[in-house]
Amino acid sequence: MNSIAYDVFLDVVHEECPIPTIRTKVVLDTMQSGAVLKVVTERDGAVRNIHTFVKSNAHELIHEDKANDVYALYIRKG
């Protein structure tokens, strides 16, 4: 995985949907605008749901990668 600077780390690797998206929202709600959240998950459904959540809100997905079946999503809070 790439080394991208982030402010907060959220591990939802073993969480079932919709928990990863809910936890992502809760964490982003506590962060300041411009801060970056790194979310890691191994669930394709969670990745799709988080993409939808980010697009539906004023946030920006700045990077995404996958290594060893684990996705890392970097989200800048809008």
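A: In this predicted model, the buried residues of helix 2 pack against helix 1 (19-30), strand 2 (36-41), strand 3 (60-67) and strand 4 (70-76). The residues of helix 2 that are buried are Gly45, Ala46, Val47, Ile50, Phe53 and Val54. An α-helix has 3.6 residues a turn, so residues three or four places apart point the same way. Helix 2 itself runs over residues 44-56, 13 residues in total, and spans 19 Å between its first and last C-alpha, close to the 18 Å expected at 1.5 Å a residue.

The largest nonpolar core has 15 residues, and the members that touch the most others are Leu10, Leu28, Met31, Leu37, Val39, Ile50 and Ile75. At least two residues of this core come from each of helix 1, strand 2, helix 2 and strand 4. Helix 2 gives the most, with 4 residues.

Ile75 illustrates these contacts. Leaving aside neighbours within four places in sequence, Ile75 is in contact with Ile50 and Val54, and its other partners include Thr24, Leu28, Leu37, Val39 and Leu61.

Val26 is partly exposed, because its relative accessible area is 48%. Together with Ile19 and Ile22, Val26 forms a nonpolar surface patch with about 240 Å² of accessible area.

Technical notes
Residues are numbered from 1 along each chain as its sequence is written. This is a predicted model: local features need pLDDT of at least 70, side-chain atom pairs count only at pLDDT 80 or more; totals for chains, interfaces and linings use all residues. Side-chain values use heavy atoms; hydrogens and water are left out. The expected span of a helix is 1.5 Å times one less than its number of residues. Buried means under 20% relative accessible area, exposed over 50%, partly exposed in between (1.4 Å probe, protein chains only). Contact means heavy atoms within 4.5 Å. A nonpolar core is a set of buried Ala, Val, Leu, Ile, Met, Phe, Trp, Tyr and Cys residues joined through side-chain atoms within 4.5 Å. Patches are made of residues with over 30% relative accessible area and no salt bridge: like charges are joined within 9 Å, nonpolar side chains (Val, Leu, Ile, Met, Phe, Trp, Tyr) within 5 Å. Accessible areas come from the Shrake-Rupley method with a 1.4 Å probe; for residues, only the protein chains shown count as cover. A salt bridge is a side-chain nitrogen of Lys or Arg within 4 Å of a carboxyl oxygen of Asp or Glu.
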